[in-house]
Amino acid sequence: MNWSFQLYSARNFQPWDGVLKMLGELGYSQVEGFGGVYDDPKAFRAELDKNGLAMPTGHFSIDALEKDFDGVRRIADTLGVKLLICPYLMPDARPGDAAGWRGFGERLAKVGETAKKAGYGFAWHNHDFEFKALADGSLPQDHILSAAPDIGWEMDVAWVVRGGADPLPWIEKHGKRIVAVHVKDMAKPGEGLDEDGWSDVGHGTIDWPGLIKALRARSAAQYFVMEQDNPNDVERFARRSIAAAKSW
């Protein structure tokens, strides 16, 4: 498998040229972009090429996707991004009811249409809040996916678990929509206290060997992206995670 690495994990471990060199040496072949690496796409692409890395996927805010798609396209084309991913919705922008979440899904659907016409794939990336029940008992993630039936899903498995859901039924139900996966792990009780409760992949509480098997069999996932939202040692995280993953 071509293991990827979400560069957000390394935002506190600059400079980027050192990060990319480290990732290439550890055996990663892909990275996933985010807003912090888009300032000079041409120069960043040169560093990727130098280290044998590709960036097939990238995170772009809903504001950028809706208001400056041409700018997103220029960045994506320079870096080689084929799958555009909307990664987050700020707390003050999150709807409070089912109708609001369906409306947000419709916004994503429109972005997806624009992306498709321009030759890109498009997906939504979840956190935990999409799995927190609304007053009527429904889940935002269901409303998003039903209101935007043609977009993909980058499934962040650990955030699904943190949201209180079991990933397997979601893989069963929506596997054909899952085009990418964030491979992230949750720390065991008493561990990872200075890393927001996350852990190196394969060293936490999530059954990744079983989930990888399920994802390979039942999903359309093409990209498997390592991520840790707040590592205290990015080299250790990157090294131990890919070593664990290769054993699956």
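Residue numbers run from 1 along each chain as its sequence is written. Since the model is predicted, local features need pLDDT of at least 70 and side-chain atom pairs count only at pLDDT 80 or more, while totals for chains, interfaces and linings use all residues; side-chain values use heavy atoms, with hydrogens and water left out.

**Pockets**

A pocket here is an open set of points on a 1 Å grid over the protein atoms alone where a 1.4 Å probe fits, with protein on both sides within 12 Å along at least five of seven lines; lining residues have an atom within 4 Å of a point. Volume is the space filled by probe spheres set on the points.

The largest pocket comes out at about 270 Å³. Of its 13 lining residues, Y8, H59, P87, Y88 and H127 sit nearest the centre. The second largest pocket has about 230 Å³, and its lining includes K116, Y120, F122 and D150. Helix α5 (98-117) and strand β5 (121-125) each give two or more residues to that lining, with the largest share, 4 residues, coming from α5. Helices (H or I, at least four residues) and strands (E, at least two) are DSSP runs, numbered from the N terminus.

**Helix α1**

Which residues of α1 (residues 16-26) are buried? Buried means under 20% relative accessible area, exposed over 50%, and partly exposed in between (1.4 Å probe, protein chains only). The buried ones are W16, V19, L20, M22, L23 and L26. Just after α1, G27 takes a positive phi of about 110°.

**Salt bridges**

The whole structure has 14 salt bridges, each a side-chain nitrogen of Lys or Arg within 4 Å of a carboxyl oxygen of Asp or Glu. Here are some of them.

| Pair | N to O distance |
|---|---|
| R45 and D49 | 3.0 Å |
| D70 and R73 | 2.6 Å |
| K184 and D156 | 2.9 Å |

R45 and D49 lie 4 residues apart in α2. R45 is partly exposed at 29%, and D49 is partly exposed at 48%. D70 and R73 are 3 residues apart in helix α4 (residues 69-79). K184 and D156 are both buried, and they join E227 and D229 in a network of salt bridges.
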